[in-house]
Amino acid sequence: MGGPLPLDALGPAGAYRPRTRTTVTDVTGRPVAELGLVPRLFVDRAVSALRRATEMPEDERVAAIARAGEAFASGTVAGLPAEEHQRLVSRVSGLPVAVVRAAAAHTARAAADVHRAVRLARPAAAVDDWRDPLTRTGRAVWTRRGDVLAVHAAGNHPGVHTLWLQALALGYRIAVRPSTREPLTPHRLVTALRDAGFPADHLVLLPTAHEVADAVLDGADLGVVYGGDDVTRRYAGSSRVLAQGPGRSKILLTADADPDADPARRAGLVVDSVVREGGTGCVNATAVLVEGDPAPLAEAVAERLAAIPGLPPQDDRATLPVQPVDTARALERHLREQASGTTAWLGADGVVEELGDGSAVLRPAVHQAGGPDAPQLGVEMPFPCVWVAPWHREAGIAPLRGSLVVTAVTEDEKLIDALLAEPTIGSLHLGASPTCDSGPDMPHDGFLAEFLMRTKGVLRPV
Amino acid sequence: MSHDFEQLRDPDEFVRAAMQWHFGPDTGSPYWLDRARSLEFDPRTDVRTFDDLSLFPNIVNELRDVRVEDLVPRGYDGDARPVGVYESGGTTGAPKKVVLLEDWLTRNLGLWADSLKEHGVVPEGNWLNIMPSGPHLAGPFTTRMAQRSSSVVFTLDMDPRWVKRLIAEGRAEDARAYAEHVIEQAGHILRTQDVRFLMTTPPLLQRLARREELVELVNRKVDTIIWGGASMDADTRYLLRTEVFPGTRLIGNYGSTMALGSANERPGLGDDDPCVFDTLSPFITYTVVDPETGRRVPYGERGRVVMHHVSRSALFPNNLERDEATRTEPRNGSGGDAVADVAPVATFDDTQVIEGVY
């Protein structure tokens with residue numbers, strides 16, 4: 001291969017190569033791509049062009065998304081075969097290549113299923129078209145809340161880009177601002193969608209410097225933004241921007257549940273929830289609450305996690321995330337500060353395993369906190385890091401609030417009722433289902449279409 | 001000792017004569033005569049060449065508090081004719097004040113007119129300043145320029161310090177509303193009046209560019225847009241020239257209040273060329289230095305911009321600006337450097353851990 005891959009902005013009139021570029025490096029610091037960064041003026045004009053675009057018929061959209069998903073996952077896009085793309089994403093993001101590969105396959109499945117998936121969110125009484133005879137007696141028609149959606153994407157996991165395909169299926173024109181850390185995935189997906197028939201003025205990729213990021217949201221009708229607590233707070237009151245904040249997924253194990261369960265099986269549930277997807281996802285477990293003494297479980301989990309080998313991300317057997325050494329050390333320092341006052345079962349001597357090429361594996365960490373209200377239970381790290389704490393009935397569901405996913409292994413139906421009623425919990429798994437499991441009909445933190453769509457009353461004379 | 005040193009064109013000779021003027025007991029300003037006592041060198045004997053201007057400390061921060069009368073050289077002998085007092089933006093603390101004297105304004109306007117002519121601009125017609133109102137230098141320059149052809153300057157009300165405060169307080173929505181309020185004022189003028197020259201800043205020009213109606217009016221009516229007061233990146237410049245305002249001439253302008261003026265971009269640059277600013281040597285000059293050592297960087301390399309203003313009316317040497325630029329060979333072999341691709345100094349955050357997976 002030649003020099004770094006040129007990654008152009010994908011504007012409303014085609015690819016655009018800006019003079020301002022930033023280098024995308026892999027975890028060893030080697031340049032992989034040169035990403036062009038567009039200025040505010042380009043963003044403003046691109047978003048205006050999206051607004052002016054003529055809507056593509058729904059059937060064509062849905063078919064094009066399916067074709068694009070297939071090409072994205074297994075075809076050659078912009079001259080880059082799927083395996084080569086996945087290897088690069090793995091090298092750049094530090095995610096195990098097997099995780100990247102699985103995410104691509106998942107994207108293809110989601111793309112093929114997109115029409116069915118969005119309709120899961122449609123209120124049962126609503127129809128799609130004002131021409132539906134039901135509107136003659138008055139009916140809800142399911143309509144978009146706007147025309148242009150801005151997405152401030154995250155770079156932690158290629159799977160995040162699966163979500164906005166639903167908006168595209170619903171007829172939104174989309175401006176994706178990729179993460180400058182990992183822009184390869186959205187660049188490939190947008191390119192594949194264009195190859196599959198989406199006109200350039202329906203879907204743009206606008207890499208920008210940090211200062212210009214807001215401009216992408218400014219011009220759009222609605223926005224989806226990934227980020228930390230700061231982002232969640234900033235958009236807390238906004239009906240226009242949907243913030244995708246930290247996941248802080250958790251597992252609750254009560255004493256009544258399968259008291260004779262093999263401790264190894266319980267540890268397996270935790271381990272899977274913590275390390276699957278490389279441990280970098282919002283659905284990975286951050287904390288485990290155990291009724292009774294949490295030490296045996298923490299010990300068993302630590303033992304299992306300790307045995308995982310540290311490998312470069314592009315190794316097929318790799319399961320742990322890799323970062324540049326500096327980043328890894330900074331995360332390690334942060335973990336050490338946060339862990340003060342807890343007992344380390346794993347990671348006391350550090351979590352950084354240098355690979356000797358400038359990159360380092362982030363090894364799992366298991367800490368035991370003193371109680372269910374320990375602040376550490378909300379400390380979500382971008383690698384397998386879990387806080388285990390004792391839980392008791394009096395603590396109730398308070399320690400489980402603010403979780404994207406809660407896996408509750410319990411027989412206590414009252415507790416389950418309370419968890420279901422709790423508005424700050426996104427998904428509830430009952431029984432030994434890892435937090436990262438999902439089914440094709442399940443929403444991820446609610447259906448995106450709940451945010452994108454509304455019902456509108458339509459009545460016309462017979 | 002020549003009091004008419006502004007006729008000299010050799011930069012070294014010019015600087016030597018200027019030192020005699022600004023530090024002569026009968027001709028220097030009260031500020032500089034007093035300030036000279038705490039300098040570690042004698043400007044009249046030690047500043048022999050243009051490059052020796054770098055001996056001076058950067059005194060611009062002192063201009064926040066100096067009485068403006070103390071800035072006027074005594075050599076004018078009561079005949080200084082101040083045009084007005086102008087202030088820096090106030091980005092970093094209290095604004096700095098300078099006095100603009102008539103003789104310098106006249107000379108600078110002459111240089112400006114020459115430069116516009118080189119750009120092929122016939123400076124006859126009305127101006128619209130979409131610029132800060134109040135104590136900002138752009139005002140008197142455009143007013144005089146318009147007067148030369150019996151034309152007028154349309155102005156509007158705009159307080160950039162209020163906008164900065166809104167932004168500092170995180171009131172982005174209010175800042176946006178204020179900017180729109182400014183554009184609305186400009187829109188009314190563009191709709192109803194003949195405007196041939198538009199003077200504005202890059203952020204406001206981009207805000208104007210969002211309104212198709214105003215873009216159409218500008219392309220139809222305006223001959224030349226002069227932008228300044230902030231930097232413009234190469235991509236924005238390219239898009240403005242080729243896509244947004246193809247019907248007009250777009251000329252960049254770079255300077256500062258502390259330089260008492262500004263220079264237009266080099267004539268003849270293409271849409272894709274780096275935007276180069278030549279100095280108004282020997283009066284307003286730039287050098288591009290390594291901020292650590294203070295030494296000039298080689299041609300073609302990035303460094304911090306230092307500005308000097310040397311005229312009869314004022315001496316503001318060795319002012320380290322908050323801009324970076326590529327050091328470029330000057331056109332006329334004069335003192336100082338031409339500067340290209342000017343941009344604010346990049347600030348780098350230390351590696352900061354932000355919790356969460358995103």
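Visitor: Chain B first. What share of its contacts between residues at least 6 apart in sequence join residues at least 24 apart?

Guide: In chain B, 67% of those contacts do. Bear in mind that this is a predicted model.

Visitor: And how many helices and strands does chain B have?

Guide: Chain B has 10 helices and 13 strands. Its radius of gyration is 21 Å, close to the 21 Å from the globule rule for 358 residues, so chain B is as compact as a globular protein of that length.

Visitor: What does the C-alpha trace span along its principal axes?

Guide: About 60 × 60 × 35 Å for chain B.

Visitor: How much of chain B counts as buried?

Guide: Of its 358 residues, 53%.

Visitor: Switching to the interface. How many residues of chain B are in contact with chain A?

Guide: On the chain B side there are 21, and they touch 35 residues of chain A. Together the two chains bury about 2,400 Å², with 55% of that on carbon and sulfur atoms.

Visitor: How many salt bridges across it?

Guide: The rule finds six between chain B and chain A. One salt bridge pairs A:Asp44 with B:Arg210, whose closest N and O atoms are 2.8 Å apart.

Visitor: Which helices of chain B each supply at least two residues to the side that touches chain A?

Guide: α8 (202–209) and α10 (234–244) of chain B. The largest share, eight residues, is from α10(B).

Visitor: What classes of residue are on that side?

Guide: Nine nonpolar, four polar and eight charged residues make up the side of chain B that touches chain A.

Notes
Residues numbered from 1 in each chain as written. Chains lettered and ligands numbered in written order. Predicted model: local features only at pLDDT ≥ 70, side-chain atom pairs only at ≥ 80, totals over all residues. Heavy atoms only, no water. Contact = heavy atoms within 4.5 Å. Buried area = accessible area lost by both parts, 1.4 Å probe. Salt bridge = Lys/Arg side-chain N within 4 Å of Asp/Glu carboxyl O. Helix = DSSP H or I, 4+ residues; strand = E, 2+ residues; numbered from the N terminus. Nonpolar A, V, L, I, M, F, W, Y, C, P; charged D, E, K, R; others polar. Rg over C-alpha atoms; globule rule 2.2 N^0.38 Å. Buried < 20%, exposed > 50% of the residue type's maximum accessible area, 1.4 Å probe, protein only.
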